[in-house]
Amino acid sequence: MSNTESNKEYWRWTESRYTNPDMNWEDGEIVSAGVDVGSVSTQTVVMVDGKIYCYSSMRTGSNSPDSANNAMDWALEGTDLTIDKIQFVVGTGYGRVNVPFAGRAITEIACHGRGANFIYGPEIRTVLDMGGQDCKAIRVDNRGKVTAFLMNDKCAAGTGRGMEVFADLLQVHINDVGEMSLKVEEEPEPVSSTCVVFAKSEAVGLLRKGWGKEKVLAAYCSAMAHRVVTLLMRLGIEEKFAITGGIAKNIGVVKRIEDELKIKAPKPNIDPQLAGAIGAALFGKALVEKQRKKS
Amino acid sequence: MITAGIDAGSKNTKAVILKDDKFLSAALVLSGFDQEKSAEEALNSALQKSKTNRKDIKHITVTGAGMEAISFANDTITTITANGRGAHFIFPSARTVIDIGAEEGRVLRIDGQGKVKDFGINEKCAAGAGAFIEAMSRALEVDINTMGELSLKSKRKIPMNAQCTIFAESEVVSLIHQKTSKEDIIKAVHDAIADRNTSMVRQIGIEKDVALIGGVAKNIGFVDSMNNNLGFDLLVPKDPISPEYVTALGAALVARDKVGG
Amino acid sequence: MTKANYGYKDGSGEYYITIDTDLCNSCGKCVEACPEGVLEMAEDELDPLGDEIIAIVSDDHRKKIKYSCAPCKPGGELIKLPCVEACKPGAIKHSW
C-alpha cells in the first residue's frame, strides 16, 4: 500500500499468539480448529474439547491460502501438536474458501454468534462485530445460534479499514486512537458517519481550522459509533449486548457506543478479535460429534 | 447586462460571467474552509479574465453545496435548477442531464425550456463521484488528467469487486502487485463508476438527448465507459464552456432572468 | 422468525432485502422471478449444522443491491416487485 507503508506504519496493530500452559492436547477427546481469514486479519484458534488450547492473530497477506497456512503454523508454534492431529478444521471469514486444510467453510455470521456466546456467556442476545472490512449486527439465542443479522460490507464506514485511514491521516498509531479520542473536554460534533471519504475531507478541514488530533479522533470515533448504533437499532437490540472484532479493543468507539445506547458492553477476557475463529472451532467440534453419532 | 453565477461546490468553487446571452468568462478555485472567501476569489478571477468590472454586475446568483455561506450573493437557487438551465443553454435538445461532481452525482429530467420536471435522483456516495477517480489516481500514482487517455489504451476488461472508494484503493494496490497493467486498471475504474451512474440514470428513465456535465465529464475515459454502457453518445460540453462550469452558468442565467436581461 | 438482512447503508441511503428464513419454504419461485439473478438457493448460513436449503441474496449482489434491484424500481419507487409477489409465505421484504 503505497500511501500507508510510507514511513511509519500507523495502522499496524499488534499481532499475537498464545498457548494455554495448563492444557495437554493429548488428554482431550476432540481437537478442532477454526481459521478466520478476514480481508485485514487472520485468526486461528485450536480447541480441545471446546476449550482454547492455542491461537494466533496476524495480518492477512495478499494471498489467502498462504495466510491460512501461516496463521495455523504460528498458532501451533512451540506446541507439539501437528495439523494432522486436528480432527476438524472450519474456515470462516472473507477468505474461508481458501483455507486448504479446512473440512468445511462456514460463514462468519454463524461463527461470530457462537464465538460471542463463548467469550461473553449465554446471556448475550445481541452482538456487534466490527471487523476489518465489514460491520455486522447479530441476534443470538442462549446457545449462540443466530436468529437475525444485518451486515454492511459495502462501506468502509464503521470498519477497521476506515479507522486505519484515520490513524494514517492523523499519524497516530492505531492502538492509541481510542485513548487519545477520550482526551477531550467536550464531545465535538461528529464528522460524516456515512462515508469515510467525506469524513476524511471534513477532518482535513478541521485540522486546518486548528483542531487538535484528539478532537478530530473524537469526532471520528463518535461518527463511527453513531453509524454502528443505527445498524443495531435497525435490527433491534436485546440485552445483554456485546462487541467483537478488532474495534472492540478501541475504547474510544466502545465507550461512545455504550453512551449512545445507554447500555454497557461487558469487557472481554479473551481477545474479541478471535470470536470468529472460536466459533468456527466450536462448529468443528460439533461436526466431529455429528459424524460420530452417524457412525 | 452583466450577471454572474457562482457554484459553491464541496471541492471547487466555480464562477461564470454572462453578458446578456453571451458567455464571457469563467474561473475555478479550490473550495477552502472559508466558502465565502473562495467564492470571492473565483468571481474576481473570472472578472479578471474578461476584464469586467465588479460593479457592472447587476445580479449574482449562487448555487451548490455551500451556497448558504455566500452572503454577497443576491439570491440562491437549487443545484438541480442550475444544472437544468445550464445544460439546456448549451444543448437545447437535452432532456436528461447527468451532473457528476467531486462528492455527489445527480440525474434530472428537463423539459424544452430547461425546467426541471418533478424528479431527480441524488447519489451521495463517493464511489459514484469524482472522489472515486481521484482516489484511484493517487493509488496508481498517475496524474489525474491523464486517466482518461490511459484508459482508452486498455486492452483487457478486468472486474472490480469493491463498491467503496476506500476498499477499491486496496483492490487497486493488489492489482498492481499482481502486475496488471495500469491502463487496464484505469479502464476498470472508469467502468465501475460508469456502471453505478448508468444505474442511476436508468432509474429515472432515459429520454434523449442526454447531457453529461460536471468536472468528471472532462475525463474522456469515463465518458467512453458511459457511452458504451448506454449504447449511444452523451452530449458533453466543450470549450469555451467546460463541463465543470455548466452549473455556475445555469445560476448566471437565472440571475439574468431575475433582472430581465 | 429468523431474519437475514442483506444490503447496506451508504452515503445515499439504506437498502436492505430481508428474508425470513423460517417462513421460506424453499420453493425457489423468487429465484425464477428475479430478472437480475439477485437471489439464489443455498444452505442456510444461519444454521450450518442443519441441512436446509433456502433463498439468499447472492454474494455478488450484496454490496450493490441498490443497483441490482434498480431495474425493478423505476423512479426509485416501491412498486410490485417480482420476488415479493412470487413468495407465497411472504418471506421477502425490501426496505426501499
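Predicted model: local features only at pLDDT ≥ 70, side-chain atom pairs only at ≥ 80, totals over all residues.
Is Asp60(C) buried, exposed or partly exposed? Let's work that one out together. Asp60(C) has 13 C-beta neighbours inside 10 Å, so it counts as partly exposed. Asp60(C) sits in helix 2 of chain C, which runs over residues 59–62.

In soluble globular proteins, nonpolar side chains tend to be buried together. Here the largest nonpolar core has 204 residues, and the members that touch the most other members are Val35(A), Val46(A), Tyr220(A), Ile6(B) and Val16(B). Helix 6 of chain A, residues 213–235, gives this core its largest share, with 13 residues. Pick out Val35(A) and see what surrounds it. Leaving aside residues up to four places away in sequence, Val35(A) touches a list of residues that includes Thr42(A), Ala68(A), Met72(A), Val89(A), Val99(A) and Ala280(A).

Next up are some helices in chain A. Two packed helices are described by the angle between their axes and the distance between the axes. The crossing of helix 3 of chain A past helix 5 of chain A is right-handed. Where they meet, helix 3 of chain A brings Gly162(A), Val165(A) and Leu169(A), while helix 5 of chain A brings Val196(A), Lys200(A) and Ala203(A). Sorted by class, the residues in this contact of helix 3 with helix 5 of chain A are 4 nonpolar, 1 polar and 1 charged.

Helix 3 of chain A has another partner to look at. Its axis and that of helix 6 of chain A come within 11 Å and cross at roughly 170 degrees. Because of that angle, helix 3 of chain A is roughly antiparallel to helix 6 of chain A. On the helix 3 side of chain A you'll see Gly162(A), Phe166(A) and Leu170(A), which meet Lys213(A), Val216(A), Leu217(A), Tyr220(A) and Met224(A) in helix 6 of chain A. The classes in the contact of helix 3 with helix 6 of chain A are 6 nonpolar, 1 polar and 1 charged. You've already come across Tyr220(A), one of the core members that touch the most others.

Let's step into chain B and look at helix 7, residues 220–230. Gly221(B), Phe222(B), Val223(B), Ser225(B) and Met226(B) are buried in this helix. The buried residues of helix 7 of chain B pack against helix 3 (130–140), helix 4 (147–152), helix 6 (182–204) and strand 9 (210–213) of chain B. After helix 7 of chain B comes Gly231(B), which has a positive phi, near 85 degrees.

Most residues other than glycine have a negative phi, and most peptide bonds are trans. In chain B, the peptide bond from Lys208(B) to Asp209(B) is cis, with omega near 0 degrees, and Asp209(B) is in the loop between helix 6 and strand 9 of chain B. Asp239(B) and Pro240(B) are also joined by a cis peptide bond, with omega about 5 degrees. Pro240(B) lies in the loop between helix 7 and helix 8 (246–258) of chain B.

Lys51(B) is not a glycine, yet its phi is positive, about 50 degrees. Lys51(B) has 8 C-beta neighbours inside 10 Å, so it counts as exposed. Over in chain C, Ser26(C) is not a glycine either, and has a positive phi of about 60 degrees. Ser26(C) counts as exposed because it has 11 C-beta neighbours inside 10 Å.

Note on methods:
Residues numbered from 1 in each chain as written. Chains lettered and ligands numbered in written order. Core = buried A, V, L, I, M, F, W, Y, C linked by C-beta atoms within 7 Å. Buried ≥ 20, exposed ≤ 12 C-beta atoms within 10 Å, placed from the backbone. Helix = DSSP H or I, 4+ residues; strand = E, 2+ residues; numbered from the N terminus. Contact = placed C-beta atoms within 7 Å. Left-handed = near helix turned anticlockwise from the far one by under 90°. Nonpolar A, V, L, I, M, F, W, Y, C, P; charged D, E, K, R; others polar. Axes fitted to C-alpha atoms, helices over the stretch in contact; angles between N-to-C directions. Parallel < 35°, antiparallel > 145°, perpendicular 65-115°, else oblique.
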